[in-house]
Amino acid sequence: MTPMDRRRFLKVTAITGTSAALASCGHPENQIIRFVPEEELTPGIAVWKPSVCPLCSAGCGVIARVMDGDAEVFRNGQPGVTRMGLARKLEGDPAHAVSQGRLCVRGQAALQVTYHPDRLTTPLKRTGERGSGAFQEVSWDEAIGELVSRIDALVGGGQAGAIAFLGRPRRGRRQALVAEFLRALGAPAPVSFALFDDGVARHANELSFGRYQLPTLDLARARYVMGFGADFLGTWNSPVAQNVAYGRMRQGQPGVRAKFVQVEPRVSQTGASADEWVAIRPGTEGIVALGLAHVIMREGLRPAAAAGRAGGLVDGWASGLPAFTPQEVEQRTGVKAARLERLAREFAAHGPSVAVIGGAALAHANGVVQALAVNALNALVGSVDAPGGIAFTPTEAPPARPARSLRDLLGASPQLLLLDDANPVFATPAAARVAEALRSIPFIASFGCFVDETSALADLILPDHSFLESWTESSPESGAMEAVSVTAPPAMRPLYATRAMPDVLLEVSRRLSRPLDPPLPWQTFEELLQAPPAAAPAAPTRPASAAPVGWADAQFDGDAATYPFHLLPYASQALLDGSLAHLPWLQELPDPMTTAMWSSWVEINPHTAGQLGIAQGDMVEVSSAHGAVRAPAVISPGIGPDAVAMPVGQGHETFTRYASGRGANPIRVLAPVEEPATGTLAWSATRVKLAKVSGPDGSLVLFAGATRERPDHHGRG
Amino acid sequence: MAHRWGMVVDLDRCTGCEACVTACHAENNIPTVGAAEAARGRAMHWIRVERYWEGEFPEARLTFRPVLCQQCDNAPCEAVCPTYASHQTDEGLNAQVYNRCIGTRYCANACMYNVRFFNFFHPQWEKPLQLQLNPDVSLRESGVMEKCTFCVQRIRAAKLEARAEARELVDGALQPACAQACPAGALVFGDLNDPESRVARLSESPRGTRLLEEYGAEPKITYLQRQGWHEPDIQ
């Protein structure tokens, strides 16, 4: 044996010391949190760290400006103060093909998710009545133990099928882990829920083009853009990428400027930028599209066969859509026949031209035929997979057609619900009775960072990190011509005793009394993220059935005599579907169309308002056959006399100090009408009546900042 | 030659998305005042998006226009300030020295663009929202007027960095928070004294106008008008 001299002693201790340190990394307690190395912290020096904005499904890559600061934190269950790297500002990641160094208004405000005063800091167990908000703090060990024992009991009793998972729509490996966990448990597939979930658009794109995916819009190279209700410059699809491309379309090439026409019943923020607004009756977007196609084919500008499969899906296409003459279209949509003919000629002549449909246009029971009509119009003018048209990003992880819907989940009477940041109690019509169905589930465990209307029903809360404290991933389904895939480590250490949801699931899987078969092969989420992605880019699929689909008119709930107005809810530029109403920067953001802050409102045509004696700011009641909401009136020339519009986002009962008890939620009064093929809510299909209830109550807060005198300079050239 | 900071706002690109507004709040530690104070007209937005409706349904049209401090060469706010808190720097910035400001609000009255905001209260950030604050920007106290600075902290940092690396500033690399966020590329910032800079070239555009130019304040922000669409000749 070699004698132990000083040099050898140091060598041995160095090696064993290192392996002891490495071994401690294998300890689950240490794996959850990845500490930012202290040497990166230079006082006053900013470090930029990549992350992914989680607020919508666009998946924009961001960079966070991290600087040192003192923060009150929880470490090992103890509150204390520590000097740590703190994210101070978010910017778009210049290296990310979707965000391209830019960021939208909501992405800028995402910083406040991490520093929100009402963020959950530790696991909670319900103590009071369900929904009373009475919780007590528990340790992670106890919380996970409770969840494990509940799952064990169900699995042991042969009831694994009664375990359900409900989350917001996510893709990538976090979602793959959830699906794998449920499959190994013997539970049904996870269900995702969001109010604006675009299932109709994806479904129609699969029928027309073999892609269950939202399109990427090549606006930068388009010369003629026809929007059908799609708020692509505001809230729909991939707003940052679409705004970047739009800027280039307008002024990116000297001497070339595309035309943009927006077809919609109410001027959206996107419609405001259009060169021409075509006001139509709600739910008739597809008729306009088919009328345009009729004129293009009738005048021999394109042959019917040019539309290929997408055209073949539309009944009557091969014979030139004889039912959609300009006169017929005028009668049904309100668009003058001569105007339709002019638009059709322009659309065919000034290519590359592209039509875009989304949002409210698809939120009807006839959403799929509306989308098929616009898809066929795109195919007719050759704008599919062509420069200046629509394309489908060859992503590694394309969206999967959901196996089950929220209704399937609730209908199966689950015994245990795992809830991940979805809020169906807020975002479904009261008539759908989702809250009642959730209350009948014996045990609900929630992973969200905040208490909202749905997680308030939870029995156990296992709060997730904020995105800046987590591993993040992005493989956007749209927004870039090439596939983009980003995985980013945490930008900062967690402030509180929170844990990443995937790591909690992995720990649960290890503690189950009957081990998962097959066992999940990863110890941590980080390990999973570093495994090479399995899937190859999806090949286009061709669904078996390609029978032509006949036009169906949009149907509306409520008879026109009692309920004379269409209710047009729309995604709020600030608060989106209401999931961002907790962020004070977004609450105080003046709405671009009205300058309203901290408010709900009802947009009413001046003529209608005059007839009903309603003035700006007056409180009005909007009633459907299913309920009523009250909000102040905003008189707007951007909506027809037969419709009223309300932004979605306010009207939370329980969602932090900034959103609770503020404004009105129009979704609650909608009829629970679904688009039949996808089961998504037809949120534009409800008729309402309108009545003034009182004068202004002060709840309409307008910024209305303006220059002293309105100069004439801003006009259009 | 000294820099002369200016901006071009291309109204043909602006989509009213308001990314600039929140980007400015985050960068410049602008307090959120809450619904009650906002209803009293005390909300602070150094940059805002004005909107103008024209016409009646169904021909109604809406135009957006982002408005921020116009950084006037002949600024009316400067002439009325008794303490020289509002003054012109040698790089053409219309600066506000918070420590000199005694809250007369004369400047806000004099500014026809309504881009100056008064702190009626000591700003509060409910814990731990104070962790979002940008350490490079000082907080303003009650009784102090505040306004857009063209992100002077970013200008200073970029100049220091350029000097440390013994190089000139690169056009386009230095941007205020609003211009950096703007997805449509409607806001272009730069040195008007550099004839090769993008902002200098764009400010010569025939589409260019200045807000309320006839009052002689000589603003350094040029607005490029929205264009109309004219049917091109079909070959």
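## Domains of chain A

Chain A is divided into domain 1 (124-189 + 403-464 + 499-530), domain 2 (199-391) and domain 3 (565-702), with bounds that come from an automatic or database domain assignment. This is a predicted model, in which local features need pLDDT of at least 70 and side-chain atom pairs count only at pLDDT 80 or more, while totals for chains, interfaces and linings use all residues. Residues are numbered from 1 along each chain as its sequence is written, and chains are lettered from A and ligands numbered from 1 in the order in which they are written.

Between the C-alpha centres of domain 1 and domain 3 of chain A there are 32 Å. Contact, meaning C-beta atoms placed from the backbone that lie within 7 Å, joins 16 residues of domain 1 of chain A to 19 residues of domain 3 of chain A.

## The nonpolar core

The largest nonpolar core has 289 residues, and L292(A), A376(A) and V644(A) have the most contacts inside it. Such a core is a set of buried Ala, Val, Leu, Ile, Met, Phe, Trp, Tyr and Cys residues joined through C-beta atoms within 7 Å, where buried means that 20 or more other C-beta atoms, placed from the backbone, lie within 10 Å of a residue's own.

Beyond its neighbours within four places in sequence, V644(A) is in contact with residues including F565(A), V602(A) and L690(A).

## The side facing chain B

Across the two chains, 66 residues of chain A are in contact with 69 residues of chain B. Helix α8(A) provides the largest share of the side of chain A that touches chain B, namely seven residues; helices here are DSSP runs (H or I, at least four residues).

Terms used:
A residue is buried if 20 or more other C-beta atoms lie within 10 Å of its own, exposed if 12 or fewer, and partly exposed in between; C-beta atoms are placed from the backbone. Helices (H or I, at least four residues) and strands (E, at least two) are DSSP runs, numbered from the N terminus.
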